[in-house]
Amino acid sequence: MRRVSRIAVAGVATAALAATVSACGSSSTSSSAGKGKDLGLALAYDVGGKGDQSFNDAATSGMDKADQQYGYKSTAVEPQDGESDADKAQRLETLAKAGYNPVIGVGYSYAPAVKEVAAKFPKVTFGIIDDNTIKADNVADLVFHEEQASYLAGVAAAKATKTNTVGFIGGVDVPLIHKFEAGFEQGVADTKKGVKVKSQYLTETAAEGGFSSPDKGKTAADGQIDGGADVVYAAAGLSGQGVIQSAAAHKVWAIGVDSDQYKQDALAKYKDHILTSAMKDVAGAVYNLAKSVHDGKPETGEIRASLATGGVSLADSNPAFKTNADIQAALKKAEAGIKDGSIVVKTS
């Protein structure tokens, strides 16, 4: 039912944007688009959409902060099932024509669309999260050292496990998620010898629902926990909610991702089983790009956040995690090693 409502919302939002363009009498081309930048920024959500308590919601937080700071009336548009690159490009073009600036594709799947549309609207700043392949004067590639936060998650998992078995669940089998897996496995191995890591991917492609299916996440976590895992880390977007639900049902630990999932209202009844979350500051990346456009100095090129810049981190909202001296001492040592270069975290 949730996906049906999102598709409906997407249709309404697209229609509303089209109406805005029509009402303004706009047939904007690259020479005129972007002049209405005070309208605010626009987000084109990745699969899972708003309410994933993870990646997309982090982007929303950045948009909300920009709205509060600058009095913007920003917008965000939901994805639709089975959409093509052409559908994504049309969405971005509609947003650019309507006067939104910057226009941000939330997720690597927007790369072809951002590349195409940015070339048509050189006066509009475009951003893409989790992709660094677009080289254009008006595109900001907003990327992260996810493997560093995942390494810390592995350290925490190794210290927390009592069965010497932990789990990793990736949403989709793609290079981006391989970074999460690699960092996690290395953090576990460097911290406690003999701990087994069970790794599993939910789907081969995003279209199969790997980032948007809590039921798939729950089934995978149930299997790993039945196999002995007592800490399970998911890098799976909305599907991660099912992993957290499973961990709570089995009274073991879950490690969240992207946002501080311990603090998410929709996950409140499971929070006592969310040890920590491997966060990346998507909210900060979105806000900073909007601020740069507002200030007349748009960010462009690759902008990569790391542990050293504060762009990736582990959440410490759970008191059971924050007050665990053994875990905190191990994390402090690991953080120092990553920052001074004595620990080089793998990305695959």
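This is a predicted model: local features need pLDDT of at least 70, side-chain atom pairs count only at pLDDT 80 or more; totals for chains, interfaces and linings use all residues.
S259 itself lies in the loop between strand 9, residues 253-258, and strand 10, residues 274-280. Is this serine buried or exposed? Its relative accessibility is 8%, and because buried means under 20%, S259 counts as buried.

Six strands form an open sheet with mixed pairing, and their order is 7-6-8-9-10-12. At the edges are strand 7 (196-203) and strand 12 (312-314), each of which pairs on one side only. On average, and ignoring direction, neighbouring strands of this sheet are turned by 15 degrees against each other. Within the sheet, strand 8, residues 231-235, runs parallel to strand 9 and is joined to it by three bridges, and V231 stands opposite W253 of strand 9.

Helix 5, residues 146-160, lies across strands 6, 8, 9, 10 and 12, and runs at about 165 degrees to strand 10.

Finally, let me turn to a pair of helices. The axes of helix 2 (residues 55-70) and helix 9 (residues 282-294) come within 7 Å and cross at roughly 35 degrees, in a right-handed crossing. The residues that meet include F55, A58 and Y70 in helix 2, and V282, Y287 and H294 in helix 9. The residues of this contact divide into 11 nonpolar, four polar and two charged.

Definitions and conventions: Residues are numbered from 1 along each chain as its sequence is written. Side-chain values use heavy atoms; hydrogens and water are left out. Axes are lines fitted to C-alpha atoms, for helices over the stretch in contact, and angles run from 0 to 180 degrees between N-to-C directions. Helices (H or I, at least four residues) and strands (E, at least two) are DSSP runs, numbered from the N terminus. A crossing is left-handed if the near helix is turned anticlockwise from the far one by less than a right angle, and right-handed if clockwise. Contact means heavy atoms within 4.5 Å. Ala, Val, Leu, Ile, Met, Phe, Trp, Tyr, Cys and Pro count as nonpolar, Asp, Glu, Lys and Arg as charged, and the others, Gly among them, as polar. Buried means under 20% relative accessible area, exposed over 50%, partly exposed in between (1.4 Å probe, protein chains only). Two strands pair if DSSP finds at least two bridges between them.
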